[in-house]
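Please open the model in the viewer and keep the selection tool at hand.

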Amino acid sequence: MPAIVRRLSPRGLEKVDYAASSLAEAVAFEPFDGVYTVGNTWQCTKTLLFDAHLDRLEASARYQRIPLDYDRQQLKAALRAMILASDFGDVRFRISIPTSRPDSLLISLEPYDPPDDALVRQGVRCVTSGVEQRKGPSAKTSDWMHIRAKLQDAIAPGIYEIILLDESGFMLEGASSNFYAIVDGRLYTAGSGILAGISRRIVLEVCREILPLRLQAPHIDDLPGLHEAFLTSSSRGLIPIVEIDGRPIGDGAVGGNSLELRRAYERWVAEHLEEL
């Protein structure tokens with residue numbers, strides 16, 4: 001089932017001159033210079049913290065000095081209309097704003113398939129990389145979509161995510177996610193040098209009743225001492241990590257704290273869904 005891509009201008013929704021089978025494939029057709037956000041829907045047209053997505057999109061545009069010219073209500077109405085017309089049910093969407101055409105937004109949709117339960121039960125394998133880092137980590141810029149696609153094409157089969165290292169070896173974030181570790185009953189995650197994901201703010205809220213928080217990135221040398229680890233993103237929620245660079249995390253199985261945080265995360269989501 002192909003993805004659906006439309007351009008939203010002051011004139012309304014317009015077709016684009018290319019076709020793609022997925023959001024990942026559509027990246028190749030989008031400008032290298034711009035900003036974007038990605039999310040998904042529940043119950044067809046319900047979203048989570050959609051205005052927070054747009055707040056971050058606008059902050060990223062300011063960082064890139066892109067003079068925005070769009071109407072939030074028009075964007076929401078256009079996205080809702082595209083979702084209903086697609087007949088996909090729940091969707092994963094991307095909203096991109098090219099630097100060259102700031103009054104012309106690209107909206108891409110594909111059917112949304114949530115992570116398989118087995119993935120959560122078994123956990124995922126990751127690798128670290130210090131090759132690439134975000135030039136402006138606090139902004140969600142389109143060049144990173146293209147860089148990330150090349151990084152992911154190069155990883156071995158069975159590897160779920162790349163964890164980015166800074167020049168000193170601290171584990172900052174995933175290529176498309178935020179990263180967390182649990183050590184001695186404390187939750188660690190980078191406090192700076194990262195893109196603060198929408199899902200991350202939920203974790204930082206719900207963890208208060210479960211684990212004390214330290215806004216400090218774990219170091220690659222700390223891998224043997226990590227008891228648990230996980231990643232988050234808007235489209236995936238909370239995914240446990242059981243191996244990094246071939247080394248088991250803890251006993252190599254999904255940990256109880258990660259699962260408790262995931263349950264708390266899912267409860268928070270269910271309570272805060274909003275209609276477009």
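**First stop: two crossing helices**

Select H2 and helix H3 (residues 72-86): their axes come within 12 Å and cross at roughly 125 degrees. Axes here are lines fitted to C-alpha atoms, for helices over the stretch in contact, and angles run from 0 to 180 degrees between N-to-C directions. H2 and H3 are therefore oblique to each other; angles under 35 degrees count as roughly parallel, over 145 as roughly antiparallel, 65 to 115 as roughly perpendicular and the rest as oblique. H2 passes H3 in a right-handed crossing (left-handed if the near helix is turned anticlockwise from the far one by less than a right angle, right-handed if clockwise).

Before moving on, please note how to read the numbers. This is a predicted model, in which local features need pLDDT of at least 70 and side-chain atom pairs count only at pLDDT 80 or more, while totals for chains, interfaces and linings use all residues. Residues are numbered from 1 along each chain as its sequence is written, and side-chain values use heavy atoms, with hydrogens and water left out. Helices (H or I, at least four residues) and strands (E, at least two) are DSSP runs, numbered from the N terminus.

**Second stop: aromatic pairs**

How many aromatic pairs does the structure hold? There are three; rings of Phe, Tyr and Trp (its six-membered ring) pair if their centres lie within 6.5 Å, and planes under 30 degrees apart count as stacked, over 60 as edge-to-face and the rest as tilted. Select Phe-50 and Phe-93, an edge-to-face pair with 5.9 Å centre to centre and 65 degrees between the planes. This pair links distant parts of the chain, with Phe-50 in helix H2 (residues 50-63) and Phe-93 in strand S5 (residues 91-98), 43 residues apart. Phe-50 is buried at a relative accessible area of 3%, and Phe-93 is buried at 1%. Buried means under 20% relative accessible area, exposed over 50%, partly exposed in between (1.4 Å probe, protein chains only).

Next, select Tyr-180 and Phe-230, which form a stacked pair, 4.5 Å centre to centre with 15 degrees between the planes. Tyr-180 lies in strand S10 (residues 177-183) and Phe-230 in strand S13 (residues 228-233), so the pair ties together parts that are 50 residues apart in sequence. Tyr-180 is buried, with a relative accessible area of 0%, and Phe-230 is likewise buried at 0%.

Select Lys-140, in the loop between strand S7 (124-129) and helix H5 (142-154). Is Lys-140 buried or exposed? At 12% relative accessibility, Lys-140 counts as buried.

**Last stop: H6 and H7**

Select helix H6 (residues 198-206) together with H7; they pack at an angle of about 110 degrees, with their axes 10 Å apart. H6 and H7 are therefore roughly perpendicular to each other, and their crossing is right-handed. H6 is mostly covered, as seven of its nine residues are buried, among them Ile-198, Arg-200 and Leu-204.
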